[in-house]
Structures are given as C-alpha cells and as structure tokens.
Amino acid sequence: QVLLAEAGGGLVQAGGSLRLSCVVSRNIFSINRIGWYRQATGKAREFVATFITSILTTYADSVKGRFTISRDNAKNTVYLQMNSLKPEDTAVYYCNAVVFGSDYWGQGTQVTVFS
C-alpha cells in the first residue's frame, strides 16, 4: 500500500501562485511515474503534470510555462509550483503515483482562483 498526502491548496487571486506538495509513504527514488491531476466541479479528472522518468517531465498544454513539477527524493515529496494562476485552474488537485503497475491517489487538495 502506498499512501499519498497532498497539501498546499487554498484560495488565491488570479495571477498569484501556490505550491502544492505530495508526501509519499515510501521511498520515491524508484518511482518513475509520479505526478498531478486535477478535477473541476462537474468535469472529468484531467492530467496536469508528471514525471515520466526520474528526471523527465511532461505537462498539459494548459499549464505549460506556468506550472513546474519537481521532486525531493530525500523527503519522498513531489511538488507542483503553480504561477500565473487563472480562474480556470480552480479544481481539486490530486497526486498520483504508479508503483509496480498499480495506481495510487491522494485525497486531493482544493485550489480556488478568483478574479
């Protein structure tokens, strides 16, 4: 069992920044695919950003240039730095890890961007 715990969500004005964190209950050094998804009210969960190897990353077009994913293996933590936030970024943000072929999800953290 792998547990993921997100933190860092909140209420922010458009143009502002937030940093989300995801603490994982096991060593993440060997976890290649670990990243972030989000789900707005009434919409399907969508991909935001992820590591596809220990160092390579990929982003959704909607967040490229504004969001940055990073990891601290020593702290078993993955971060999502979100800059230039827009109201359309409002959603519950979920951390996701793929470990030995199984998907694990955190409980989510709410991000609300007001204009």
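Reader: Which backbone nitrogen does the side chain of threonine 109 reach?

Author: This is a predicted model, in which local features need pLDDT of at least 70, side-chain atom pairs count only at pLDDT 80 or more, and totals for chains, interfaces and linings use all residues. Residues are numbered from 1 along each chain as its sequence is written, and side-chain values use heavy atoms, with hydrogens and water left out. Threonine 109 is found in strand 11, residues 109-114, where a strand is a DSSP run of E with at least two residues, numbered from the N terminus. At 3.1 Å, its side chain reaches the backbone nitrogen of glycine 9.

Reader: Does threonine 109 count as buried or exposed?

Author: Buried means under 20% relative accessible area and exposed over 50%, with partly exposed in between, using a 1.4 Å probe and protein chains only. Because the relative accessibility of threonine 109 is 11%, this residue counts as buried.

Reader: How many Å apart in space are alanine 49 and valine 63, C-alpha to C-alpha?

Author: Alanine 49 lies in strand 5 and counts as buried because its relative accessibility is 0%. Alanine 49 and valine 63 are 14 residues apart in sequence, and their C-alpha to C-alpha separation in space is 8.3 Å.

Terms used
Helices (H or I, at least four residues) and strands (E, at least two) are DSSP runs, numbered from the N terminus. A polar contact is a pair of N or O atoms within 3.5 Å; within protein, one must be able to donate a hydrogen and the other to accept it, and residues adjacent in sequence count only if both atoms are side-chain atoms.
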